[in-house]
Amino acid sequence: MRKSISTAFFSMVSTLMVLGIVLMGCSEWVLFKNYFAKDRYETLDQVVNVAKRTAEYLVNSETMPQGAELDALNTKLEIIGESAEAYLFFTDRQGNVLIASDPDKLTTTTVPLDICQRANAVADPDARHYHAFGDLGGALTEKSYIAAVETIDDQSLFSGWLFLCSSGAQLTDFKQQFWSNFLMSACVMLLCASVLTRLLMRQLTDPLQKVTDAAQRFGGGDLSVRVEGVEGDGEVADLARTFNQMAENIQSNDNSRGQFMGNIAHELRTPMTTIKGFVDGILDGTISPEMQNHYLQLVSEETGRLARLIQNMLDLSKLESGEYQVNARMFNIWETLTGVALAAEQRINDGMIELEGLTMDEKVLVYADPDLIHQVAYNLLDNAIKFTPAGGTIRFSVEKLGPEAEISIWNSGQGISPEALPYVFERFYKEDRSRGLHARGSGLGLNICKVLVNLAGGQIRVESQQGEWCRFVFTLPTCSPNPGGMKRLPDAAGQPGAVEDPASMKPVE
């Protein structure tokens with residue numbers, strides 16, 4: 001059977017409260033009982049001492065006629081007993097009752113000898129008092145508080161015992177009154193505690209129920225659900241805010257994934273449609289044999305575009321998942337820039353583009369993975385070549401700024417509009433209106449550049465004057481940020497994250 005948190009909490013609190021009340025009641029009862037007994041014994045001790053002195057005086061008085069002392073003592077004992085709400089009786093050495101203030105309270109005229117011996121054994125050595133609660137082995141009609149003291153004759157010899165008894169009915173009455181009041185107070189306490197606990201649990205469980213309902217709807221596929229109406233600084237409010245933040249991130253990732261898949265489908269469909277159209281035209285004879293080689297060349301170019309697109313997506317997936325191992329080392333950035341320019345020499349010559357700033361005389365060392373930076377430089381130069389008009393210029397620049405080196409690739413041309421600048425590094429983003437229509441672009445090159453530069457511990461930005469020029473700038477560290485050649489690993493967003501020790505291959509904070 002499913003038990004809610006409110007039921008479990010209420011059951012636990014109720015059990016603890018009942019146990020606490022029972023323990024408190026028992027401890028208070030023992031305390032009050034002992035206090036009541038102590039008070040009664042103190043009173044009885046005072047009275048029995050008075051009765052003892054009176055008895056010894058009357059027994060040892062020479063003016064008292066012989067035989068009359070017992071009658072006088074009996075009278076005195078009755079008066080003393082009534083004043084203390086108790087009754088007294090006197091026994092000899094053998095426990096025989098000689099006189100009693102209230103004979104009706106006795107069931108026998110003899111106190112068991114073992115009681116007398118026990119009283120003699122445990123009597124207080126100073127006050128010679130014996131205390132007990134009971135019926136003196138059946139000698140009394142009811143349980144009573146008993147105080148006993150030995151009596152001494154004029155020869156200082158033990159002559160008997162004087163017992164003073166107070167009915168235990170007072171304790172019974174007190175017990176009934178105590179427990180009735182206590183139980184009533186306990187019931188009121190439990191009732192108030194139950195109401196307060198319910199109110200408290202409602203304040204606690206209502207927000208939790210909202211989070212639970214939202215989580216169930218979220219798990220059912222409704223990614224737009226959020227926890228509403230939970231505010232404050234407590235743990236439940238923190239949980240609600242954390243859930244909402246998690247939901248925002250997941251929904252954003254899901255939207256990005258959907259957009260990413262849509263863009264992929266669009267980018268793949270365009271060259272596939274072109275390839276199919278050309279191949280079908282060749283097969284059904286629509287394209288003449290004289291033009292087949294031309295269209296086959298177009299098919300080859302579209303196939304190459306598909307291959308580049310797929311490779312870019314694979315590279316991006318590996319980079320963001322952290323599968324790519326960064327092998328950073330010190331190298332001359334000018335060698336990379338020169339190598340990339342030489343590899344694109346044919347395209348640069350075909351486009352009648354002039355290169356400026358390239359030099360092998362300078363040497364600027366940077367700390368990064370040469371292969372990754374080669375890819376960055378290649379993508380940026382490829383982008384510049386595509387959007388530089390015939391007779392235009394591409395300019396390279398490297399400047400060392402303290403612990404970083406700033407590398408820039410500038411090209412003349414239409415540039416980028418101010419509205420498009422914030423989006424140029426997003427996946428599949430193309431600003432065809434300002435940069436021209438180019439079928440060769442996949443929309444992933446600049447996004448890969450951003451991931452690679454961040455992976456190397458640098459930053460990348462773009463500057464542009466629409467209608468005149470465009471410049472991409474990225475930075476790289478000029479020294480190892482981690483001693484011992486440790487490798488910097490990327491996080492999910494491609495940002496530089498933890499550091500990995502090459503020896504142990506474990507992240508180091």
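**Helix packing around α9**

Hi everyone, let's start with a crossing: α9 passes α11 in a left-handed crossing. Before I go on, please keep in mind that this is a predicted model.

So, how do the two helices lie? The axes of α9 and α11, the latter covering residues 445-455, cross at roughly 150° and come within 9 Å. Angles over 145 degrees count as roughly antiparallel, and α9 and α11 are therefore roughly antiparallel to each other.

Which residues make this contact? From α9 we have L372, Q375, V376, N379, L380 and N383. On the α11 side, the partners are G445, L446, I448, C449, L452, V453 and L455. If you sort the residues of the α9 contact with α11 by class, you get 9 nonpolar and 4 polar, with no charged residues.

Now let's turn to the other partner, α7. Helix α7 spans residues 333-343 and α9 spans residues 370-386. These two pack with their axes 9 Å apart, at an angle of about 45°. That angle makes α7 oblique to α9. As for handedness, α7 passes α9 in a right-handed crossing.

And where do they touch? In α7, look at I333, T336, L337, V340 and A341, which meet I373, H374, A377, Y378 and L381 in α9.

To put the two side by side on your screens: α9 has a left-handed crossing with α11 and a right-handed one with α7. Thanks, folks, and happy to take questions!

Notes: Residues are numbered from 1 along each chain as its sequence is written. This is a predicted model: local features need pLDDT of at least 70, side-chain atom pairs count only at pLDDT 80 or more; totals for chains, interfaces and linings use all residues. Side-chain values use heavy atoms; hydrogens and water are left out. Axes are lines fitted to C-alpha atoms, for helices over the stretch in contact, and angles run from 0 to 180 degrees between N-to-C directions. Helices (H or I, at least four residues) and strands (E, at least two) are DSSP runs, numbered from the N terminus. Angles under 35 degrees count as roughly parallel, over 145 as roughly antiparallel, 65 to 115 as roughly perpendicular and the rest as oblique. A crossing is left-handed if the near helix is turned anticlockwise from the far one by less than a right angle, and right-handed if clockwise. Contact means heavy atoms within 4.5 Å. Ala, Val, Leu, Ile, Met, Phe, Trp, Tyr, Cys and Pro count as nonpolar, Asp, Glu, Lys and Arg as charged, and the others, Gly among them, as polar.
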